[in-house]
Amino acid sequence: MPIPFATRRHALSALSALLMPGIARTAMAQSTTDPSLAAAECVIPAKAGGGFDLTCALARDALQAVRPVRPPLGLRYLPGGIGAVAFDRIATGRLGGPGTLVAFSSGSLLNLAQGRFGPHAPAAVRWIAALGTDYGVIAVHRDSPYRQLQDLVAALRQDPSRVAFGAGGTVGSQDWVKAALLARAAGRDHRAMRFVSFEGGGDALGALQGRHVDAFPGDAAEALQAIAGGAAVRLLAVLSQARLGGALDGVPTAREQGVDIVWPTVRGLYLSANVPDAAVRAWTAAFVEATAAPGYAALRERHGLYPFALTGAALDDYVQARIQAYRQLAEELGLRRWKP
């Protein structure tokens, strides 16, 4: 005899009521043992509008694409020293835990190489994932008299103090180093150049729009984001080995214009060194899955980054190698190294 529809519906509802608590308990248990499934935040160690902002936004979207039922990764701004405040708080335990990721870049490693992040070694944090790479750019106002990179080089050669560079960080930051290398390429002492410090690329690009500075030695992704938003900015050169596609199609490299400067800016995430190894493995696995997903390449490109994904021991080795290279570069530029 057929079971009436109303009876079947009642039976299914009763069965669901019995199963749902178990499913909920299972999901809750997974989220407590695997922090990549639970509520978490990504700390942006600068003001809005820069590369760290893009890094955390990419991490949020990439995780959501492969784990759609997890709570979206929260974004939190913690400016100060272009990453120094966040690194110090994580390293000292005042901030952190399995649910706190922090964005880093090659600039962070350069600052670590100079001891600018306080008395902390690179091992004071756990390097979780590199999500992609950006490249340095030299940008000017759209109406600037400098129409190509050689125009800017010629101005520096004539008088390095006549060009005001504006970018994130202070003396010794990666944006300062790009400007210093450009001054050296012009045959002038980089110590004679003018550099205006800002707390992140967003503020620096705002100053460029206002004609308060003449040139922006920043990164492509943040510059392209500003241009997409209507900023009156023009790119003179990209600091990559060869021309790049996408939104940078048509922008010549510095090398093409006779200036041998290449500056990749890797972007990624770290975690407190005090978290359990299980949490490190969970986050590493989450980003291995996220960066290997079929749609990740398109997502990374939408955030203005190019391929470069590392996790685990490979990322640790990369960090150590870059820090060593940056120490040598800092010595060449006469930068003071602050020792713990």
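This is a short walk through one protein chain, from its overall make-up to a few of its parts.

The model is predicted, so local features need pLDDT of at least 70 and side-chain atom pairs count only at pLDDT 80 or more, while totals for chains, interfaces and linings use all residues. Residues are numbered from 1 along each chain as its sequence is written, and side-chain values use heavy atoms, leaving out hydrogens and water.

Let us begin with the whole chain. Its secondary structure comes to 11 helices and 11 strands; these are DSSP runs numbered from the N terminus, with helices (H or I) of at least four residues and strands (E) of at least two. Of the 340 residues, 51% are buried, a word that here means under 20% relative accessible area, with exposed meaning over 50% and partly exposed in between (1.4 Å probe, protein chains only). The accessible surface is about 15,000 Å², and carbon and sulfur atoms hold 56% of that area; the Shrake-Rupley method with a 1.4 Å probe gives such areas, and for residues only the protein chains shown count as cover. A contact means heavy atoms within 4.5 Å. Taking contacts between residues at least 6 apart in sequence, 78% join residues at least 24 apart.

Next, look for the disulfide. The structure holds one, a disulfide being a pair of cysteine sulfur atoms within 2.5 Å. In general, it is a covalent bond between the sulfur atoms of two cysteines. Here the partners are Cys-42 and Cys-56, with their sulfur atoms 2.1 Å apart. Cys-42 sits in strand E1 (residues 41-44) and Cys-56 in helix H2 (residues 51-66), so the pair links distant parts of the chain, 14 residues apart. The link is left-handed, with -70° about the S-S bond. Are these cysteines buried or exposed? Cys-42 is buried, at a relative accessible area of 0%, and Cys-56 is buried at 0% too.

Leaving aside neighbours within four places in sequence, Ser-36 is in contact with Arg-67, Arg-70, Ala-282, Trp-283 and Ala-286.

Now follow E1 to its partner. E1 and strand E3 pair in the parallel sense over three bridges, where pairing requires DSSP to find at least two bridges between the strands. Glu-41 has Thr-100 of E3 as its bridge partner. E3 also runs antiparallel to strand E10 (residues 264-272), joined by four bridges, one of which pairs Ala-103 with Leu-269. In a regular strand, side chains alternate between the two faces of the sheet. In E3 both faces are covered: Thr-100, Val-102 and Phe-104 are buried on one side, and Leu-101, Ala-103 and Ser-105 on the other.

Finally, turn to helix H7 (residues 201-209), whose buried residues are Gly-201, Ala-204, Leu-205, Ala-207 and Leu-208. They lie on the same side of H7 because they cover an arc of only 155° around the axis, taken from the directions from the helix axis to the C-beta atoms. These residues pack against several elements, including strand E5 (137-141) and helix H8 (220-228).
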